[in-house]
There are 2 protein chains.
Amino acid sequence: MTDLHDDIARRLRGARQRYTPARRQLVEVLSDGGGPRTIPELLDRAAAGSQSSLYRNLAVLEQADVVRRLQGAGDVSRFELAEDVTGHHHHHLVCLSCGAIDDFELPADAEQALDDAVAAAVTDAGFATDHHRFDLLGTCHRCA
Amino acid sequence: MTDLHDDIARRLRGARQRYTPARRQLVEVLSDGGGPRTIPELLDRAAAGSQSSLYRNLAVLEQADVVRRLQGAGDVSRFELAEDVTGHHHHHLVCLSCGAIDDFELPADAEQALDDAVAAAVTDAGFATDHHRFDLLGTCHRCA
DNA sequence: ATTTATGCAAATCGTTTGCAAACCT
DNA sequence: AGGTTTGCAAACGATTTGCATAAAT
């Protein structure tokens, strides 16, 4: 826990940004294992100040590679801690019915095989891959 | 070509929708191999009536599984013909710099292995997968 | 004649921004 | 003090919708 905050504080310092109480609280909520969160959810659970500050803090954290923004089913953005920070590479189960997003992981060998196949397929296109996004869209167990 | 329109007309009929000239023209533009298109691009190239009609026609075509809407780098939606219609399963190269989206394909065996790994990983989560979305985000050859 | 599609303008919704006050160092 | 973060309200931009007209069956 502490090392998480230390790590984040370091990253923010590197981006010449401060680790304010509001930002710390935001990270707390995002790290509680509840998966990617929407703005309304964060406003509820974090009581982290006003909506505009929330957007701005998320932008700051995103620039510092602490938070990643992702889009789910509709137009609502969701935010999660970046894999740089958590150390967990994972993918997403996006429920088309309720919009919830859960995490899932692929076995390491499958992940590796995928990366290899992708690298081979993309090299000749002259595309420089930064990261990938692999989501399953469907119906979650709650909405089944 | 003709069979494409026939197929689409059939699908629209099945959804109790008409294959109007504007919708036909829209399909023409989407099928010219230029990749997923934005609303402004479609307005330019299609001259397919007003913006609101364009949105509405895309919605109709999406409901009939003729068109798929996808989100690229930022907040702009892009539209492409559905794989049901084209018969080509593919993925996307999303350029974080210019927002362009190109298609790429994975070798059939890699695609199969991926599907298998995913199925195994997701079964126990009680998630019913409808389809997946696999994108590479990075820098395209134009922006390199 | 009845239903459906169109165009325009106004409304919506998530997100961003301007500005003055509060905060930290 | 000097630069930063906050909160509020206003601005924004992509998308959606209400309504009257035009087109299709």
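Visitor: How many residues of chain A are in contact with chain B?
Guide: 34 residues of chain A are in contact with 34 residues of chain B. Contact means heavy atoms within 4.5 Å. Note that this is a predicted model: local features need pLDDT of at least 70, side-chain atom pairs count only at pLDDT 80 or more, and totals for chains, interfaces and linings use all residues. Residues are numbered from 1 along each chain as written, chains are lettered from A and ligands numbered from 1 in the order written, and side-chain values use heavy atoms, with hydrogens and water left out.

Visitor: What area is buried between chain A and chain B?
Guide: About 2900 Å², and carbon and sulfur atoms give 65% of it. Buried area is the accessible area (1.4 Å probe) that two parts lose on being put together, summed over both. On the chain A side, A:Phe127, A:Arg133 and A:Leu137 supply 24% of what chain A buries against chain B, more than any other three residues.

Visitor: How many salt bridges does the rule find across that interface?
Guide: The rule finds 2. A salt bridge is a side-chain nitrogen of Lys or Arg within 4 Å of a carboxyl oxygen of Asp or Glu. One of the salt bridges joins A:Asp135 and B:Arg133, at 2.9 Å from N to O.

Visitor: Which elements of chain A supply at least two residues each to that side?
Guide: They are β3 (91–95), α6 (108–123) and β5 (128–139). Helices (H or I, at least four residues) and strands (E, at least two) are DSSP runs, numbered from the N terminus. The largest share, 12 residues, comes from β5(A).

Visitor: What does β5(A) join in chain B?
Guide: Strand β6 (residues 128–139) of chain B; 11 bridges join the two, and they run antiparallel. Strands pair if DSSP finds at least two bridges between them. A:Leu136 stands opposite B:His132 in β6(B).

Visitor: New topic. Which residues are closest to DNA strand D?
Guide: A:Ser50, A:Arg56, A:Asn57, B:Tyr55 and B:Ser77 are the closest of the 18 residues that surround DNA strand D. A residue is near a strand if one of its heavy atoms lies within 4 Å of it.

Visitor: What does A:Arg56 meet there?
Guide: A base oxygen of DNA strand D is 2.8 Å from an N or O atom in the A:Arg56 side chain.

Visitor: And A:Asn57, what does its side chain lie by?
Guide: A polar side-chain atom of A:Asn57 lies 3.1 Å from a phosphate oxygen of DNA strand D. For the side chain of A:Arg23, an N or O atom is 3.1 Å from a phosphate oxygen of DNA strand D.

Technical notes
Polar contact = N/O pair within 3.5 Å; in protein donor to acceptor, adjacent residues only side chain to side chain.
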